[in-house]
Amino acid sequence: MVNLAHSRRALDVQGGVEWISLKFHRVLMAQPASKTNPLDPALRDLLEKARQAAVRSYSPYSKFRVGAALRLTNGGIVTGTNVENVSYGLTICAERAALVRAVSEFGPEIRIAAVAVANLNGAASPPCGACRQVLAEFVLPEAPVVFPVTDGMRTMAFRDVLPLAFEMKLK
Ligand SMILES: [Zn+2]
């Protein structure tokens with residue numbers, strides 16, 4: 001808060017107060033949507049499997065234990081957990097670990113019908129940008145994605161989680 005107040009003053013000096021007010025307003029307006037959504041039983045089960053996967057996390061560096069569960073259109077459910085590496089940059093997230101496992105088990109034709117992400121740290125953990133892009137290759141646009149936010153859980157359609165995925169469409 002101290003830093004925020006400081007930057008607010010700095011922006012006041014630069015005449016940016018309107019911009020930051022608008023930004024605060026948007027944050028406040030966004031809060032109701034981030035409240036806990038009621039989960040349908042299938043999604044709740046998927047979330048529980050994500051939580052169980054998080055127990056197996058290999059995260060000695062961050063201690064951030066994350067699990068992901070994917071429900072495939074073929075009915076299969078595949079989980080993954082984050083696997084860190086001493087080089088940090090080679091760490092793989094739970095979502096991508098699950099996806100790689102799903103393709104390895106079921107082949108390249110899989111489609112993902114639902115995604116659940118959980119962590120054991122009581123923290124927000126929406127899928128990172130890299131995982132969103134990798135999931136986009138296989139996930140249905142309308143697939144629900146459920147993940148922890150600061151004040152509960154949020155469920156969003158994948159198309160809203162990553163509205164402008166990179167696509168290779170050469171002319
Ligand atoms: Zn990720």
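Ala-157 counts as partly exposed because it has 13 C-beta neighbours inside 10 Å. On this scale a residue is buried if 20 or more other C-beta atoms lie within 10 Å of its own, exposed if 12 or fewer, and partly exposed in between, with C-beta atoms placed from the backbone. Keep in mind that this is a predicted model, where local features need pLDDT of at least 70, side-chain atom pairs count only at pLDDT 80 or more, and totals for chains, interfaces and linings use all residues. Residues are numbered from 1 along each chain as its sequence is written.

**Ala-157 and its surroundings**

- Ala-157 sits in strand E5; helices (H or I, at least four residues) and strands (E, at least two) are DSSP runs, numbered from the N terminus.
- Leaving aside residues up to four places away in sequence, Ala-157 touches Pro-141, Glu-142, Ala-143 and Pro-144. Touching here means contact: the C-beta atoms of the two residues, placed from the backbone, lie within 7 Å.
- Glu-142 is 15 residues from Ala-157 along the chain, and their C-alpha atoms are separated by 5.1 Å.
- Thr-155 is also found in strand E5. With 18 other C-beta atoms within 10 Å, Thr-155 is partly exposed.
- From Thr-155 to Ala-116 it's 39 residues in sequence and 8.9 Å in space, C-alpha to C-alpha.

**The chain as a whole**

- There are six helices and five strands in the chain. Starting at the N terminus, the elements run α-α-α-β-β-α-β-α-β-β-α.
- Of the 171 residues in the chain, 29% are buried.
- Take the contacts between residues at least 6 apart in sequence: 59% of them join residues at least 24 apart.

**The sheet**

- Five strands form an open sheet in the order E2-E1-E3-E4-E5, with mixed pairing. Two strands pair if DSSP finds at least two bridges between them.
- Strand E2 (77-81) and strand E5 (152-157) are the edge strands, each pairing on one side only.
- From one strand to the next, the twist averages 15°. For angles like this, axes are lines fitted to C-alpha atoms, for helices over the stretch in contact, and angles run from 0 to 180 degrees between N-to-C directions.
- E1 and E2 are antiparallel partners over five bridges. Ala-68 has Gly-80 in E2 as its bridge partner.
- Helix H3 (residues 41-54) packs on the sheet and touches E1, E2, E3, E4 and E5. The direction of H3 makes about 140° with that of E1.

**Strand E3 and its neighbours**

- How many residues of strand E3 (residues 112-119) are buried? Eight of its eight are, leaving the strand mostly covered.
- Strand E1 (residues 66-72) pairs with E3 in the antiparallel sense over seven bridges. Ala-69 stands opposite Ala-116 in E3.
- Strand E4 (residues 144-149) pairs with E3 in the parallel sense over two bridges. Val-146 in E4 is the bridge partner of Ala-116.
- A right-handed β-α-β unit is made by E3, helix H5 (residues 129-136) and E4. Right-handed means that, with the strands pointing away from the viewer, the path from the first strand over the helix to the second runs clockwise.
- In a regular strand, side chains alternate between the two faces of the sheet.

**Helices H4 and H5**

- The axes of helix H4 (residues 94-106) and H5 come within 9 Å and cross at roughly 25°. That makes H4 roughly parallel to H5: angles under 35 degrees count as roughly parallel, over 145 as roughly antiparallel, 65 to 115 as roughly perpendicular and the rest as oblique.
- The H4 and H5 crossing is left-handed. A crossing gets that label if the near helix is turned anticlockwise from the far one by less than a right angle, and is right-handed if clockwise.
- Glu-95, Arg-96 and Leu-99 in H4 meet Cys-131, Val-134 and Leu-135 in H5.

**Two loop residues with positive phi**

- Lys-63 belongs to the loop between H3 and E1. Its phi is near 65°, a positive value in a residue other than glycine.
- Is Lys-63 buried or exposed? Lys-63 counts as exposed, because it has 10 C-beta neighbours inside 10 Å.
- Tyr-88 is in the loop between E2 and H4. The phi of Tyr-88 is near 65°, a positive value in a residue other than glycine.
- Tyr-88 is exposed, with 9 other C-beta atoms within 10 Å.
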